[in-house]
Amino acid sequence: VKAWTPMNMWIWFRDLAVHFYNCLQDFLDMSLRQIWASPRWKFPFRLSLGTVILATVFLLIPVSFTARFAHWNPLWSILTFAIVILPSLGATIKKSIHRVVGTILGAIIGHVVAEILYDVSTSSRPIPFLIISFFVFIITSFVQLIPRYAYSGSVAALTYILVVYGQYGEKPDIFYAATRAVFISVGIIWVLVMSLVLFPSRSSILYKKNLGVSMEKLAALFEILIKRIVNEEEIPTPTEQIKAIHNNYQKMRGYLKESKVEFNPFRMHGFRSFQEALEQSDLAYYSLASMNGIIDRGFGKELQKEIIAPLATDMLNLIEPIKISAKQCSDTLSHHQPKPPLNPLYSNISQLLMTLDEHYFNIRNQHIN
């Protein structure tokens, strides 16, 4: 990690400015139809339009109406919308749930603590306030250590601070906490409406698209490895291809986690088929990575011929069917088929790997003996 020296900070701001300028230039060079079709601009447009619409609605509400409420503050709705909304629907729903749960818990704890502190004399109040706050922050910090619930823990701590500090030394008002919860709920509802109506982007669809891309990349990697094995041509180790596939699988696992909330909780067989497809593809990937390791062991020319000769024809004959099958699966997934097909590479590659590995060790042991 680079130290935050003045020079490094200047370089960071300079690179950020250049990136912003390039994005703006791309935007100005695009036609309206291209902007409408580009996924790159859909989320910024959804976020910006949603924020402006929500702020406009609150600005149009007459002051004579808002004056009736002591704790009227629409800023919480606008902030919630801007913070919670994310590019994909699954991620947005997941974050919304954590925001609501954290807000409710923080508001309840904050109000109870505020009631306790109000009954303590003014001179003695700071001591119980600091002790209680210490243990509340200990608990919320432990929650934040769990990645799955980290956002709920941070929101609960923030809401507690706002409720307790906001009413410190005053008589606690239940509507102080409740009003914030209501405004945050309004922001959450608006987040879900915008995510479902304007350029909806589902994590399950992003997952399937990436799964299709991975299938085609695995088929291309399979072809490279087979050609390396049978010595058809001199091809270097496909390190970059393997790294690209690995990075794509990291993204897919994220999309898979986010997509869980998009399924009907009483009909989770669709999500389980997603899990199975990822497991099969994972096994195909690791099988190919292992095959690449076998090739890189560097056995001699004579030994290589002896190992490969019985399998060379079968290997070469597998290339085209696997590429066609992977392409068909990718096309199927791009048309949003509800259930992703299993990876066609898995059974063929796994069997071939086992045969190759077993054959390699048998012949190597014979030569050693």
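**Contacts, helix packing and a loop glycine**

Me: In this predicted model, what share of the contacts between residues at least 6 apart in sequence join residues at least 24 apart?
Reply: The share is 78%.

Me: How many helices and strands does the chain have?
Reply: The secondary structure consists of 15 helices and zero strands.

Me: What share of the residues counts as buried?
Reply: Of 369 residues, 38% are buried, the cut-off being under 20% relative accessible area. The chain exposes about 21500 Å², and carbon and sulfur atoms supply 66% of that area.

Me: Why is H6 called roughly antiparallel to H7?
Reply: Helix H6 (residues 89-118) and helix H7 (residues 126-144) pack at about 160 degrees, with axes 10 Å apart. Angles over 145 degrees count as roughly antiparallel, so H6 is given that label relative to H7. The crossing of H6 and H7 is right-handed.

Me: What makes up the contact of H6 with H7, nonpolar or charged residues?
Reply: H6 contributes Ile109, Val113, Ile116 and Leu117, while H7 contributes Pro128, Phe129, Ile132 and Val136. Ile, Val, Leu, Pro and Phe count as nonpolar, which gives eight nonpolar residues, no polar and no charged.

Me: How do you know whether glycine 169 is buried, partly exposed or exposed?
Reply: Buried requires under 20% and exposed over 50%. Glycine 169 has 47% relative accessibility, so it counts as partly exposed.

Me: Where is glycine 169 found?
Reply: Glycine 169 is in the loop between helix H8 (150-166) and helix H9 (174-197).

Terms used
Residues are numbered from 1 along each chain as its sequence is written. This is a predicted model: local features need pLDDT of at least 70, side-chain atom pairs count only at pLDDT 80 or more; totals for chains, interfaces and linings use all residues. Side-chain values use heavy atoms; hydrogens and water are left out. Helices (H or I, at least four residues) and strands (E, at least two) are DSSP runs, numbered from the N terminus. Buried means under 20% relative accessible area, exposed over 50%, partly exposed in between (1.4 Å probe, protein chains only). Contact means heavy atoms within 4.5 Å. Accessible areas come from the Shrake-Rupley method with a 1.4 Å probe; for residues, only the protein chains shown count as cover. Axes are lines fitted to C-alpha atoms, for helices over the stretch in contact, and angles run from 0 to 180 degrees between N-to-C directions. Angles under 35 degrees count as roughly parallel, over 145 as roughly antiparallel, 65 to 115 as roughly perpendicular and the rest as oblique. A crossing is left-handed if the near helix is turned anticlockwise from the far one by less than a right angle, and right-handed if clockwise.
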